[in-house]
Amino acid sequence: MDNGELPNIEQRVDDDVRLEFVHFDQAAVMKAIKKLKPNQASGQDGLPPLLFKRVGHCLAKPLSVMFSSFFSVQVPSMWSKAVVTPIFKGGYSCDASNYRPISFTCVACKLMERIIAAQVLDYLRVNSLISKQQHGFLSRHSTVTNLYQSVNDWTLALNNRQNVAMAYTDHAKAFDVVSHVKLLHKLSAYGIAGDLLAWIRAFLTGRS
């Protein structure tokens with residue numbers, strides 16, 4: 001439960017280290033388009049990923065211009081809405097907890113998100129703001145690589161006759177309940193500022 005109080009987070013970077021802008025060049029847009037999965041559903045605008053992949057070479061330039069103009073203003077209201085589809089995981093079909101919600105948002109918004117995320121990630125890596133032990137949500141770092149590293153560490157410890165203690169935690173729906181105010185506060189401590197922080201704030205506001 002969120003207590004409504006901002007945590008005391010020390011500034012993680014020097015005062016002159018900031019990320020305030022994101023560059024939306026044509027190459028970055030084309031790279032994001034190539035990563036789209038063509039069989040996924042469309043969002044509120046009805047434009048499917050397959051359309052973007054097939055005419056991406058024509059859309060890359062106008063999209064880069066559009067993203068640059070949107071970056072300094074409010075996020076379009078349609079981009080704040082998602083079509084939620086329940087995917088059955090198993091168990092009793094009448095139990096709502098046995099369904100995983102999949103949110104489909106506008107593809108253009110996804111492209112802009114990915115470009116922003118890529119440049120934010122580069123900034124965090126360059127400034128050593130991401131732990132080397134972070135495995136989720138990073139390229140070539142998954143739950144599988146995490147398990148490989150853990151098994152290796154456990155094996156080395158046992159071979160050296162050391163004790164091994166393990167603690168398992170399950171953060172159910174962690175990203176569904178995270179406090180946006182605290183998230184923005186933490187991003188600010190990491191040097192995310194200016195138009196970029198304002199865009200993220202607008203992106204998180206009024207979603208449905």
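This is a predicted model: local features need pLDDT of at least 70, side-chain atom pairs count only at pLDDT 80 or more; totals for chains, interfaces and linings use all residues.
Residues are numbered from 1 along each chain as its sequence is written, and side-chain values use heavy atoms, with hydrogens and water left out. Local features required a pLDDT of at least 70 and side-chain atom pairs a pLDDT of 80 or more, whereas totals for chains, interfaces and linings use all residues.

Helix 1 spans residues 26–34; helices are DSSP runs of H or I of at least four residues, numbered from the N terminus. At its start, a side-chain oxygen of Asp 25 comes to within 3.1 Å of the backbone nitrogen of Ala 27. The buried residues of helix 1 are Ala 28, Val 29, Ala 32 and Ile 33 (buried: under 20% relative accessible area, 1.4 Å probe, protein chains only). Viewed down the helix axis, these buried residues fall within an arc of 140 degrees, so they line one face of helix 1; the arc is that of the directions from the axis to the C-beta atoms. They pack against helix 2 (49–54), helix 3 (56–70) and helix 4, contact meaning heavy atoms within 4.5 Å. Ala 27, Lys 31 and Lys 34 are exposed on the face turned away from the buried side (exposed: over 50%).

A search of the whole structure gave 1 cavity of 30 Å³ or more, a cavity being a set of points on a 1 Å grid over the protein atoms alone where a 1.4 Å probe fits but cannot get out. The largest cavity holds about 40 Å³ of space, the volume being that filled by probe spheres set on the points, which are joined across faces, edges and corners. Its lining comprises Leu 36, Lys 37, Gln 40, Pro 49, Val 107, Lys 110 and Arg 114, lining residues having an atom within 4 Å of a point. Helix 4 (residues 107–126) contributes the largest share of this lining, 3 residues.

Note on methods: On a 1 Å grid over the protein atoms alone, a cavity is a set of points where a 1.4 Å probe fits but cannot get out, and a pocket is an open set with protein on both sides within 12 Å along at least five of seven lines; lining residues have an atom within 4 Å of a point. Helices (H or I, at least four residues) and strands (E, at least two) are DSSP runs, numbered from the N terminus. A polar contact is a pair of N or O atoms within 3.5 Å; within protein, one must be able to donate a hydrogen and the other to accept it, and residues adjacent in sequence count only if both atoms are side-chain atoms.
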